[in-house]
Amino acid sequence: ISDQKPLGCWSVKHGQILTCPVVCNFETHEYIAVHDNKVLRIWKNEDINLDKAFKATLSADVYRIHSLPGAGPLVLFRGGGVRTLDVLLEAPQQEIENLISDEAIRWSGAFMEGQQPVLIFTTEKDGDFFVYIQKPKLSSLHKYKLEQQESSKPLCFTAHLTNQTVTLLCLYSNYSVYQVLVPLQQDTEEEEEEEEEEILSTSLLLNFSVSGTVLKGTSLVALDKDHVAVLGSLDAPGKEPRECLSVWNTKFQTLQTSKELPLGTSGQLWCYEEKFFLIHGKVLTVIMYKCETSSLAAAVGKLKDCQTPDVSSFVNWNTLEDEELVVSFQSQESVALKAESRMNLRSRRSTVAKAQPETLSVGQLLLNLKDASTYVLETELRQLMAKAPTPDLQATIGCVVTALTDRCKTNPKYYPQSFLQQIVETRDLSYSLCPDLMAVALEKKDVHLLQICLQRFPDIPEEITYACLKAFLSISEDHLQSIDVNLDSVICYIDVEFNDQEVKTEIVENGFSAEMEQDMCDTKIPKDTQSRSDGESCPVGPHKAALLNAVLHSAYTETFLLPHLKNLPAQEVILFLRYLYYLYVKCSEKVNTALPGIRSPTINQIMDWMCLLLDAHFTAMVMLPEAKELLSNLHKFVRAQVRFYSELNKIEGSLRELQRLNHLRESQTYSIEVLEII
C-alpha cells in the first residue's frame, strides 16, 4: 500500500454488479465474491479472468460473506439463513430458509468462540431493531429485540466477543454510543421455551455532544473491549464542520487521540490487524495503532495528549522521523508487552531499570547516537541488532539502517558500505522499512548494494527501479571492472576469459541453431553483423549483465513504470533492447526456455521488459537508423519461432498417438516401427 503496488485486479462483465464485499478464504487462499446478489465467484491470485473463475448460482440473495481464521467462510443470506461455504457448494441450489420475514438486515459480524463460529446480525422493521445470534454448526438461533431510545435510532453497529458475552455497540442518531450485552446461551433448553422474544436493554456508553461541540459519527469500530474508533464530522458553533478520526476509551469515557482529515472521507472506516483503513481524499490511508491495557492513569494521560495528536503514542499518525523516534519506538516496544497490565509493565520496567540502568529504548538510543563518532555509532548499532527482541527485530533493524542513511546525508564523506551490505544480505528487510537506503546508494553509485536490494526487496517503487536501470546502463564497463558484483546470474551462460572477451559456445538443442533461424526467415545476414546484433554475443559485459538481471527480477506495475521508462535516453534503450534480445535468443536455444544459473531472468521477464521498452519508445525506435537492424532481426526471430510452434501444433495429434503407443508397448520387446505422419 505504501508504494501503491496493485497485486491483482479483476473485473465483472458490463452490467454485472458486485453486491457484497469480497473476502479471502484463509484456509484455501481463495477470493470469494458475489455479483448480482446470487452469483458466487471463487478464484485464486494467479487467475486473470474473473469470467472464467468458478461460478455457482444460488437460490437466494446473499447479504454478506464472513471469513474467519480457523473456520470456513460463512454465507449470510438476506432472509437470515446461514450456510458454511462447503455445505453451500455441495448443492448451490438448495433451499434457503427465510427467518426474518419482512425485516431488513442492517449489519452483521462474525467471531470465534473456541472452535465454534458465531454470527450476529441486526435487522430493522417498522422502526424496531432486532438482534440475532446464530451458531451455524449447532443450528442454533436466538432472536432479541433492541430497547428503543426516544427520538433516536441506531446508525451503525460494531461488536466484540469476550467471556462468552457479545458486547454490541450502537452509534445512535443522538450522537451517543450505547452498549448492549448479549450472553451466548448454551442451547440446553428446549426450543419451545425460547419462543418468547427477549428485550435487550441499552446503557449509555459515550456521549459525543459536549459544550455545544458535537461529533457526528458515521462509522464505529471496536478495537478491543475498552477502545472504539469513530470516524465522523466535528461540528462546533461558528466553525465549519471538520471530519476527523478519534479513538475513545469506553471504560473511562475519555478521548485517547484525535486527528483531523481535511481532505474529507467516504464515511467508512475499516480495522484489521491493528491498522485503520479509510479513504482520505482520493487515496486509501493506512494508520497503525496500538491498544494498551486500559487504566485510569493511562486514560487521563492520553486525554492530555489528545490536544497535540501528533505526539500520541496510541496512534502513529506520522511516518518515522527524527523528532518522533522516541514516541514511535515506545509504541513499537509495547508490541511484545501489550498483554501485560499497566501496573505489571511499570513494575517490570522499574525492575529492569534498577538491574540495568544503562538500558534505553531504541528511539532514545538512536537519538543519543546522532552526534556520536563513526566507530561508536556502528559498534552500538551492531550490539542493538544482536540483542533486539524477536517481535521487534525487523523494525529495529530498519531503523538502524535509517540511522546510518541519516548519517550519510548529514556527512557526505561517511558511507559504511560493507556494514550496509552485510545488513541487507543477512536480514529480512524491505524497501518500506528503510526507504532512504537505495536513494543513498544511488547517490554513492554503490551498484553492488543496489543489486542486492533489487534481488531481496519485494516492494521497490517503480521510480527507484527506473533510477537503478538508468544508473546501470550509463556506468562505463571499465569502471565496473573494479567493482565487486555478484555474477551468479550470468556466469553460466556468458563464458568469460581473463581478458573479459566473451568465448562463443555453439549450443544446439532441440534442433535449433542460428543458421536454421536464418534459413526459415529467407534472409541472409552478413557475418560481421551477426556477432553484433543477432544475439550470438552479449552486447554488455558480465558485470553490467548481472546488474541488469537484478532489474529484470524486480517486481513492478506497468502503469507506474511506463512513464519513467519514457525518460530513458534512446542509446540506452537500444543497448538494453540488444541485451534483452541476446537473452531471448539464449532462452530459445534451450528446450525448456530457461537460462542456467542463480536468479537468471525468465523468458516471461525478458518478454515483458522488451514489450515495455517498445511501448515506451516505439516511435523513436522506428525513426532511429541504428535501431532498424535490431528491430528487423527481432521481428524475424519472433516470426521464425511462431512458424516453428505452428508446425509443432500441426503434428501435436501424431505426437500424442506416439506417446500412447509407447505406453502400450511392452518394455521387454524389441521392435522397429514406422509411423507415417500425414
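1. A word on the model: it is predicted, with local features needing pLDDT of at least 70 and side-chain atom pairs counting only at pLDDT 80 or more, while totals for chains, interfaces and linings use all residues. Residues are numbered from 1 along each chain as its sequence is written, and side-chain values use heavy atoms, leaving out hydrogens and water.

2. Start with the open sheet, where three antiparallel strands follow the order β5-β6-β7. Strands here are DSSP runs of E with at least two residues, helices are runs of H or I with at least four, and both are numbered from the N terminus. Two strands pair if DSSP finds at least two bridges between them. At the edges lie β5 and β7 (82-84), each pairing on one side only.

3. Now look at β6 (residues 71-77), which is joined to antiparallel β7 by three bridges. Across from V75 you will find R83 of β7.

4. Finally, turn to helix α9 (residues 437-444), whose buried residues are L437, M438, V440 and A441. Viewed down the axis of α9, they fall within an arc of 160° (taken from the directions from the helix axis to the C-beta atoms), so they line one face of the helix. Just after α9, K445 has a positive phi of about 55°.

Note on methods:
Buried < 20%, exposed > 50% of the residue type's maximum accessible area, 1.4 Å probe, protein only.
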